[in-house]
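Here's a quick briefing for anyone meeting this structure for the first time. Take a look at the model, then read on.

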Amino acid sequence: MIVTLIVVCEVGFWVLLAAGLAARYLLKMPRTGIALLLCEPLLEVLLLVATAIDLKNGADPSWKHGLAALYIGYTVGHGHRTVKWLDGHAAHRFGGAPRPPKPPQYGMARARHEGKVWLGSVTAAAVASALLLLAALYVGDEGNTDSLYGWIFVAWRAAGIHGLIALSYAIWPRKAPEGAASAVPARDPEHVPDLLVRRPGKDEEQV
């Protein structure tokens with residue numbers, strides 16, 4: 001039941017997200033769209049309650065309960081960033097908003113970006129660990145809680161691997177290709193390199 005509910009929550013997440021963005025930008029019903037988006041945390045609450053009930057009814061703690069904790073943690077750590085990214089693209093595509101800026105690709109700016117994404121993984125591991133510890137305390141000494149503690153190790157191992165990947169961008173920053181010009185808004189021509197915009201000469205200025 002828990003695995004099925006995880007799948008239902010994942011599908012429900014994307015359905016609510018699509019419905020919320022459609023209501024907000026296609027149907028021009030921003031309040032309804034926001035209400036639908038705010039319903040998404042209820043899916044995680046539903047999964048949490050179902051997991052607790054399953055354990056209370058005498059189910060042995062297993063990988064299913066650990067997977068549920070990791071899923072909830074991942075949603076807390078990365079769900080907001082996913083929603084914000086898709087909302088920005090929907091606003092650009094259907095609402096006339098400017099195109100969302102792409103994440104930096106080179107140098108320390110890329111390293112800082114990867115570090116922020118990694119903090120989401122740390123948050124996910126912390127939330128999952130807290131839920132797993134609460135589940136272990138809830139089961140008590142009467143049940144086998146080894147699998148629950150094992151999933152805590154899995155959560156932090158994933159965060160550690162992600163951290164090493166993010167750190168690699170700071171140790172070995174990617175260099176921009178030679179001759180590549182930074183993208184700048186057209187409304188700020190004074191910041192455009194001279195190679196891209198020909199400055200008027202003195203004779204032209206006097207005309």
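The second largest pocket is lined by F13, L37, L38, E40, P41, E44, T75, V76, G79, H80 and V83. A pocket here is an open set of points on a 1 Å grid over the protein atoms alone, places where a 1.4 Å probe fits, with protein on both sides within 12 Å along at least five of seven lines; lining residues have an atom within 4 Å of a point. Keep in mind that this is a predicted model, in which local features need pLDDT of at least 70 and side-chain atom pairs count only at pLDDT 80 or more, while totals for chains, interfaces and linings use all residues. Residues are numbered from 1 along each chain as its sequence is written, and side-chain values use heavy atoms, with hydrogens and water left out.

**The second largest pocket**

- Its volume is about 240 Å³, where a volume is the space filled by probe spheres set on the grid points, which are joined across faces, edges and corners.
- Helices α2 (30-38), α3 (40-56) and α4 are the elements that give two or more residues to the lining of this second largest pocket; helices are DSSP runs (H or I, at least four residues), strands are runs of E (at least two), and both are numbered from the N terminus.
- The biggest share of that lining comes from α4, with five residues.
- By class, the lining of the second largest pocket has six nonpolar, three polar and two charged residues; Ala, Val, Leu, Ile, Met, Phe, Trp, Tyr, Cys and Pro count as nonpolar, Asp, Glu, Lys and Arg as charged, and the others, Gly among them, as polar.

**The largest pocket**

- The largest pocket holds about 580 Å³ of space.
- It has 16 lining residues, and R81, K84, W85, P101 and H113 are the ones nearest its centre.
- Seven nonpolar, four polar and five charged residues make up the lining of the largest pocket.

**The overall build**

- The protein chain has seven helices and zero strands.
- Reading along the sequence, you get the pattern α-α-α-α-α-α-α.
- Of the chain's 207 residues, 32% count as buried, meaning under 20% relative accessible area; exposed is over 50%, and partly exposed is in between (1.4 Å probe, protein chains only).

**The nonpolar core**

- In soluble globular proteins, nonpolar side chains tend to be buried together.
- Here the largest nonpolar core has 29 residues, and the members touching the most others are I6, C9, F13, L17, L47, Y71 and L132; such a core is a set of buried Ala, Val, Leu, Ile, Met, Phe, Trp, Tyr and Cys residues joined through side-chain atoms within 4.5 Å.
- Elements giving two or more residues to this core are α1 (2-26), α3, α4, α5 and α6.
- Top contributor to the core is α1, with nine residues.

**Aromatics and cysteines**

- There is one aromatic pair, going by rings of Phe, Tyr and Trp (its six-membered ring) with centres within 6.5 Å; planes under 30 degrees apart count as stacked, over 60 as edge-to-face and the rest as tilted.
- That pair is F13 with W14, edge-to-face, at 5.2 Å centre to centre and with 90° between the planes.
- F13 counts as buried because its relative accessibility is 8%, whereas W14 counts as partly exposed at 41%.
- The chain has zero disulfides, a disulfide being a pair of cysteine sulfur atoms within 2.5 Å.
- C9 is buried at 1% relative accessibility, while C39 is partly exposed at 31%.

- Most residues other than glycine have a negative phi.
- K28 sits in the loop between α1 and α2, and it counts as exposed because its relative accessible area is 56%.
- D54 lies in helix α3 and is buried at 18% relative accessibility.
- D54 and H65 are eleven residues apart in sequence, and 9.0 Å apart in space from C-alpha to C-alpha.
- F153 belongs to helix α6 (residues 146-171) and is exposed, at a relative accessible area of 55%.
- Between the C-alpha atoms of F153 and A125 there are 9.2 Å, with 28 residues separating them along the chain.
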